[in-house]
Amino acid sequence: MARVFDVIVVGAGPAGTSTAARLHQHGVKDVVVLERYDFPRDKPCGGGLTGHCDEALAALDLRLTVPFVPSAQARVRMGGFVRTVTMGRPVNVIRRIEFDRSLVEQVQARGVEVRVGAAVESVRVDREAVTVRLESGEELLARVVVGADGAASVVRKHLTGNAKAMPHRLFMQELPAQLTDTAMVYDFTPMSAGLRGYLWVFPVKGGRANVGLMHYPSSRKGGPELLRLLRDGLSPYGIALPARGARGWPVWGYDPGAPVSAPRLLTVGDAAGIDGLTGEGIAVAMEQAQVAGDTVARALTDGGVAFRGYRRALRRATVGRELALDRWLARLLYQAGPGWRRWMSLVLFDPDVLEMYAARVSGSEVLADQKLRLWRALVRHVGAWGSRTRQLEAAMAAAWTPDAAQSVASSPTSSFSSSPPSSS
Ligand SMILES: Cc1cc2nc3c(=O)[nH]c(=O)nc-3n(C[C@H](O)[C@H](O)[C@H](O)COP(=O)(O)OP(=O)(O)OC[C@H]3O[C@@H](n4cnc5c(N)ncnc54)[C@H](O)[C@@H]3O)c2cc1C
């Protein structure tokens, strides 16, 4: 008689290791994590531990044991307009090659089995168990399978079939760079050239920077075009993207209506969908993993492996409410037509909104609990709709000058000590 694990977790990224850690906290120990690669393995990522990552690590009894750069400021830019916002608490920028390995080592140290070089080819759900077939041909059985296998998730495909949707596209590269400080730069300037998203420059240890961009799928853009936008967008910072470009990665935005479970199957992390507004997902994965771990532990006890309530549980958790709000904001801010200018000017030119969002990014506040404040800002903004949009156009027209870049490099670091929207 073949062995049947209680749980197979597919993928040993932050979602998989966090799910295993949560199950271990519940005393669920008959767990194996299957991972395609060996560690250290890299993963294209900005490395910003945003949101409630600190709380998630603490809740899972995990520690941040790798080098990081604490970044206390977010610098938001659109052409000649720059505003520096002090975050509620620092965002820590790590390297994924180090961070993910440290999480794997921490769960292994408490006895969790992580099988590397175990690439899952398919899953088949039967009445009594799930059969997980590896590319090697080996088959493993489990009562429950958690798909923590990232954006190209085999488990997600099993749940969604061939549903067609356009992915977010992200590109990143780590490069040597002499940054003037440790602020995290979020630059929306390339939106004037067709990007629907932002370009980032994050500080990395050792005189380096993590640079990249995210494109929201309201319009289709090819890799060469996005790389050109990244290259052009970096030049005012004095950062040259090498000829081989940056590493690209398609990911799916979180959709509260999309399937995240079926009998005996759950997805978590990128397999369930990233934050549509920012493209972030490390903290998301670790927060969702707690919901997934709790759900699976309960099911193993009471035998209720249908997981009908999992989608609702994810949606109702703080992380789900934040993702739903960000999905809504992303549709406004990154829309294909010209309407995005109105909404972007609300975010950029209303210090209160920017402060709220910076607090959300750093995890010091839950934006989904600030809807009334957001709504008030919107009402304030509607009165100034025309002038704000003109202000934005003027800021965009001031894009790409060395002076604008200089103002980013030297802008003061106190709260809201922005260069004024000078071109307005
Ligand atoms: C360019 C870029 C920049 C980003 N920047 C940030 C950022 O600054 N901050 C942030 O919070 N988020 C960021 N993200 C998002 C973040 O990287 C993801 O949300 C995060 O990695 C999700 O973790 P995960 O464990 O769900 O997936 P992953 O980290 O992708 O882990 C999935 C694991 O599953 C394994 N796997 C996949 N398929 C199989 C299979 N068939 N069999 C076995 N194993 C398998 C993979 O090898 C991998 O180890 C960025 C993403 C990109 C692409």
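1. Domain bounds here come from an automatic or database domain assignment. On that basis the chain splits into domain 1 (4-47 + 95-165 + 253-316) and domain 2 (69-88 + 166-251 + 335-410). Their centres, taken over C-alpha atoms, sit 31 Å apart.

2. A word on the ground rules: this is a predicted model, with local features needing pLDDT of at least 70 and side-chain atom pairs counted only at pLDDT 80 or more, while totals for chains, interfaces and linings use all residues. Residues are numbered from 1 along each chain as its sequence is written, and side-chain values use heavy atoms, leaving out hydrogens and water.

3. Now the interface. About 1600 Å² is buried between domain 1 and domain 2 (accessible area, 1.4 Å probe, that the two parts lose on being put together, summed over both). Carbon and sulfur atoms give 54% of that area. On the domain 1 side, Pro44, Gly46 and Arg95 supply 32% of the area buried against domain 2, more than any other three residues.

4. Three salt bridges (side-chain nitrogen of Lys or Arg within 4 Å of a carboxyl oxygen of Asp or Glu) link domain 1 and domain 2. Worth a look as well: Arg247 and Asp42 pair through their side chains in a salt bridge, at 3.6 Å, N to O.

5. On to the ligand. It has 37 residues around it (a heavy atom within 4 Å), and Glu35, Gly46, Arg96, Val120 and Asp270 come nearest. The side chain of Asp270 puts an N or O atom 2.6 Å from a ligand oxygen, and a backbone N or O atom of Ile282 is 2.9 Å from an oxygen atom of the ligand.

Terms used
Polar contact = N/O pair within 3.5 Å; in protein donor to acceptor, adjacent residues only side chain to side chain.
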